[in-house]
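Student: I have a protein model open and would like to go through it. Can we start with the surface and work inwards?

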Amino acid sequence: SSGGGPRAAHVAACMAEACPYTEPTDLLPDTPELPEGVEAPAIRVDFMLANDVFRTRVAEDAAMAHAHEGLPQVATGIPTARVVRDGATSTMSDHFPSRVEWETLPGWLGV
């Protein structure tokens with residue numbers, strides 16, 4: 001169906017939480033293309049892709065992390081991703097950079 005509803009609201013909430021905007025920055029290179037008085041919308045145009053090897057590794061690490069509840073997320077091999085929006089990155093490019101980090105504990109998965 002069209003028009004939204006609960007599913008559309010769920011997707012919008014998920015996007016707002018999991019997919020923070022990557023532009024515009026303070027550089028606003030596309031501003032001259034916008035009509036006067038119209039601000040550039042906050043949109044997500046940059047995504048991170050992962051291959052099957054990475055996905056398998058993450059799934060295995062996540063299972064291990066689940067078996068050892070109480071460990072901090074970054075110490076379990078579960079990746080964390082974020083858009084880096086700060087004073088320095090707001091003027092480096094017309095898109096904010098994205099960063100993925102994870103760490104595997106010694107002894108897990110043959111490390």
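Student: Okay, new topic. Which elements are there, and in what order do they run?
Tutor: There are 2 helices and 2 strands. Starting at the N terminus, the order is α-α-β-β.

Student: What share of the contacts joins residues 24 or more positions apart?
Tutor: Counting contacts with a separation of 6 or more, 57% are between residues 24 or more positions apart.

Student: What is the mean pLDDT of the protein?
Tutor: The mean is 74, and 74% of the residues reach 70 or more.

Student: Which elements have the lowest and the highest mean?
Tutor: Helix H2, residues 52–67, has the lowest mean pLDDT of the elements, at 74. Strand S2 has the highest, at 84.

Student: What should I do where pLDDT is low?
Tutor: Where it is low, the predicted coordinates should not be read in detail.

Student: Back to the model. Where is Thr89?
Tutor: Thr89 sits in the loop between strand S1 (80–83) and strand S2 (98–101).

Student: Is Thr89 buried or exposed?
Tutor: Thr89 counts as buried because its relative accessibility is 6%, and the cut-off for buried is under 20%.

Student: What is Thr89 in contact with?
Tutor: If you leave aside neighbours within four places in sequence, Thr89 is in contact with Thr25, Val84, Phe96 and Pro97.

Student: Where is Pro24?
Tutor: Pro24 is in the loop between helix H1 (6–18) and H2. The peptide bond leading from Glu23 to Pro24 is cis, with omega near 10°.

Student: Now pockets. How much space lies in the largest pocket?
Tutor: About 390 Å³.

Student: Which residues lie nearest its centre?
Tutor: Met48, Pro79, Thr80, Ala81 and Val100 do, out of 16 residues that line the largest pocket.

Student: Which element gives the largest share of that lining?
Tutor: Strand S1 does, with 4 residues.

Student: And how does the lining of the largest pocket split by class?
Tutor: The lining has 13 nonpolar residues, 1 polar residue and 2 charged residues.

Definitions and conventions: Residues are numbered from 1 along each chain as its sequence is written. This is a predicted model: local features need pLDDT of at least 70, side-chain atom pairs count only at pLDDT 80 or more; totals for chains, interfaces and linings use all residues. Side-chain values use heavy atoms; hydrogens and water are left out. Contact means heavy atoms within 4.5 Å. Buried means under 20% relative accessible area, exposed over 50%, partly exposed in between (1.4 Å probe, protein chains only). On a 1 Å grid over the protein atoms alone, a cavity is a set of points where a 1.4 Å probe fits but cannot get out, and a pocket is an open set with protein on both sides within 12 Å along at least five of seven lines; lining residues have an atom within 4 Å of a point. Grid points are joined across faces, edges and corners, and a volume is the space filled by probe spheres set on the points. Ala, Val, Leu, Ile, Met, Phe, Trp, Tyr, Cys and Pro count as nonpolar, Asp, Glu, Lys and Arg as charged, and the others, Gly among them, as polar. pLDDT is the predictor's confidence in each residue, from 0 to 100.
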